[in-house]
Structures are given as structure tokens and as C-alpha cells.
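Trainee: Please take a close look at one part for me. I would like to understand the ligand and its surroundings.

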Amino acid sequence: MRAPVSRRSPIYVTRPALPPLAAVLPLLEEIWASRILANNGPMAQRLEAALCRHLGVGHLSLVANATLGLVLALRQLGVGARPGDEVVTTPFSFVATAHAVRLAGATPVFADIDPATLTLDPAAAARAIGPATRAILAVHCYGTPCDLAGLAALAGRHALPVVYDAAHAFGVRTAGGSVLRAGTLSVLSFHATKVFGTAEGGAVVAPDRATKAAIDRLANHGIADEASIPEVGLNAKMSELHAALGIAQLGRVEADIAARGAVARRYAEGLAGVAGLRLVCPPERPGQNFYAFPVLVGPDYPVGRDALAARLGAAGIFARRYFFPLISDLPPYRGLPSADPAGLPVARAAAAGVLCLPMFPELDPADQHRVIDLLRHP
Ligand code: T4K
């Protein structure tokens, strides 16, 4: 058992859970002995196989981070091959979602979100599809599954691929099984702030061996073999050191998710009956990973969202406004026709009201009660 975070320390929105150093050291010794540090070495291969088993998916490619993973996924689907290519996506996400579209050589077209799940609304996405649309990029925001059936039907009608930004969705399941099996490709983040982390890292989940091989190649400069480089690729490979951390981390991730679930239940109990606070991810929904604990601060709460964040901050509690500002309001995107605020009312309201409370497996219950007390009496 690790010691809980001290009550005198600042309480951050998240804190990475780490495996015992003793579990990592033997893996590092193997790396030191082999001198293989990168380029799909034995640690990366081991982690890929272990993750496929753990997540219940057939094929995945490890990458250096989810941002590059998204770029690779879009590029693999031909996005950006023609000038003027567009990708329909949500403005309510971390900025990397839209940046990946731009980096792939296309333009994001923002569509509004569903008020219940805060994920891309298939009806709004349908209105955003035009002749230049090459893909739909939806986000399982906070690990809440998108409307998988709605997006599949929409994509089917227009013969478009769906890429899921599954940065938040490690291990998330629906009645139909792993959420990572939905759509054409899914991209996970293994950043330090995520449910499963390798410090920096991620993976692209692919439907078959050939697609995985194509993504691996794009992630390795486009190199097919020593003398054959048929396309432009980039370097998005995960190092052996990161993969070793992942192997050790995988052993504890289920216990971490269970501990996160206990934190979520304590919040739900402690905040029950507080007028003006809506829980975005109520803990009773099955199959979730409790990546984050967002609340929506409504007009009937005694203070506004920003004032609440400031009061928590003054008490050393660093809740975060994920995701504010809306991506469509940021300088690289706000001039786009689809960034017009009038077309994104649900996303605007979410960005104005959301606050992510501290959520991590080792959150000390006494610290959490301080957070709850402040929320009850702001
Ligand atoms: N798509 C979505 C939907 C995403 O949310 C993200 C990333 C991506 C794509 C792209 O994934 P990657 O390319 O990163 O794999 C953080 C993360 O950097 C980012 O990965 C994450 N989403 C985003 C939601 O949050 P910041 O700038 O808010 O993080 P930062 O440094 O302020 O950290 C938050 C808190 O976490 C700190 O107050 C303390 C704690 N922390 C953080 C780090 C890095 C630690 O305790 N230890 C640490 O090592 O972006």
C-alpha cells in the first residue's frame, strides 16, 4: 500500500499512479542488457500483445502520444490527400483533437454535441457533412461512449470512416463490448494524466493486421524496408523505456480503475442534493473507467463556475475547466464558418459550466471530503 497523498499538499485534478519501482527495474535491466532502446523492440512488442489481450482488441500500434496517433489514423484513411479535405468533429475536446486534423492537412468542421453525453451529436454531425468531408472524428469525452450506433448509421449513409479519439476511454465497455472496437480506428492516450499511462504514449487500434502494418510504417518515417520508402511518414514510435513502464503499469490498472470508482461514488454521495451541480459521469453507469469527474455548474448553484474554481484554488484544490475555451474559439480555428458560436449552443454551455474535480486512484478520502465540503458550501 502506498501512503495517501498528504493533506497539506496541493490537490491536483489528477496525479499519475505508478507501479512500484521494483516492478520496473527488472525491465530496465533487460533494456540495459539488450541495448535496444527504440524501433519496435521487445518491450514494445510485449506491451502491444499485453494491451491487445487486456483491451480485447485484435490489433494495435503503439505510438509516442495520442496527438501523433490521431494524425496517423487520419492520414491512413487518406485524410489530407486532397486540398480542401474536411473532417467533421466536436469543438468540446482537448485542443489536440482539432490540431490533429490540421496536422493531417485537413480542416476541422465543428458540429455540436449531445447535452447528455457531451459527445458529438450525430444529427449535428449530419448537418456538417459536405462534399469535402473525408472522415468523422468523434471523442469519447471523459470516457463516456459516443452514440456509436448513431454515428455508424451516419457514416454508413455517407460512406465515411469514423475515427474515435479514445484518449479518455482506456478499458471502457458498452453492452456491445470494448468501445475501442467501434468505428474504423480508435486512438488511445497513455499520457501521465490518463487512466493507463506510460508518461507519454498512446496507441492506434486497428481492425486488421494490414491496417496495423500500414500505421506502423507511417509511424516509422514511411519505411517499408531498408531500401523502400514509398510514402511520407513521421516518427511516432514509442521508446522501449516508455513501453517498459507500460508493462509494469498494466498490472495495476484494474485496481486503479476500481479505486477511481470508489472516488466517484464518494463524490456522488457527498454531492447528492446540491442544487445546481450536475454530475456528467454518474458512477452507476456500467463499463466506465472513471477517468475524470466533471460536474456542470448551473445557474441555480450559488456561485458561477469560475468563482467556484477560484475558491477551490485558494484552498489548494486545483480543479480544471476541461474543456474551456471551446476549440472553435481558439485563434487557429475561430475564423472558420463552423466555429460560429450560434451553431454550437450545447458545446458553449458545456464549456461555460464544466469543472473537473480531482480524480485519481490515490486521492485521500480526507482530502476528497475537503473538496466535497467546499462544493457544498462554496
Ligand atoms: N484527445 C483528447 C480528448 C485528450 O484529452 C488528449 C490529451 C489528447 C487527445 C492528446 O493526447 P496526448 O497527445 O497528450 O497523448 C493534459 C495532458 O497533457 C493531455 O494529455 C490531456 N489530453 C489533457 C486533458 O490534459 P494539461 O496541459 O491540462 O496538463 P497539466 O500539465 O496541466 O496537468 C494536469 C495536472 O496533472 C497537473 O495539475 C498535475 C498533474 N500532473 C501532470 C503531469 C503531466 C502530474 O501530477 N504529473 C504529471 O506528470 O494537458
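Mentor: Start with confidence. pLDDT is the predictor's confidence in each residue, from 0 to 100. You need it here, as this is a predicted model, where local features need pLDDT of at least 70, side-chain atom pairs count only at pLDDT 80 or more, and totals for chains, interfaces and linings use all residues. Residues are numbered from 1 along each chain as its sequence is written, and side-chain values use heavy atoms, with hydrogens and water left out.

The chain has a mean pLDDT of 96. In 98% of its residues, pLDDT is 70 or more. Residues 1–7 stay under 50. For them the model has 16 contacts (heavy atoms within 4.5 Å) beyond four places in sequence.

Now the ligand. There are 25 residues around the ligand, each with a heavy atom within 4 Å of it. Thr-67, Asp-165, His-168, Ser-189 and Tyr-322 come nearest.

Look at some side chains. Asp-165 has a side-chain N or O atom 2.6 Å from a nitrogen atom of the ligand. For His-168, a side-chain N or O atom is 2.7 Å from an oxygen atom of the ligand. Lys-194 places a polar side-chain atom 2.9 Å from a ligand nitrogen atom. On its own, the ligand has 930 Å² of accessible area (Shrake-Rupley method, 1.4 Å probe). The protein covers 75% of that area.

Definitions and conventions. Polar contact = N/O pair within 3.5 Å; in protein donor to acceptor, adjacent residues only side chain to side chain.
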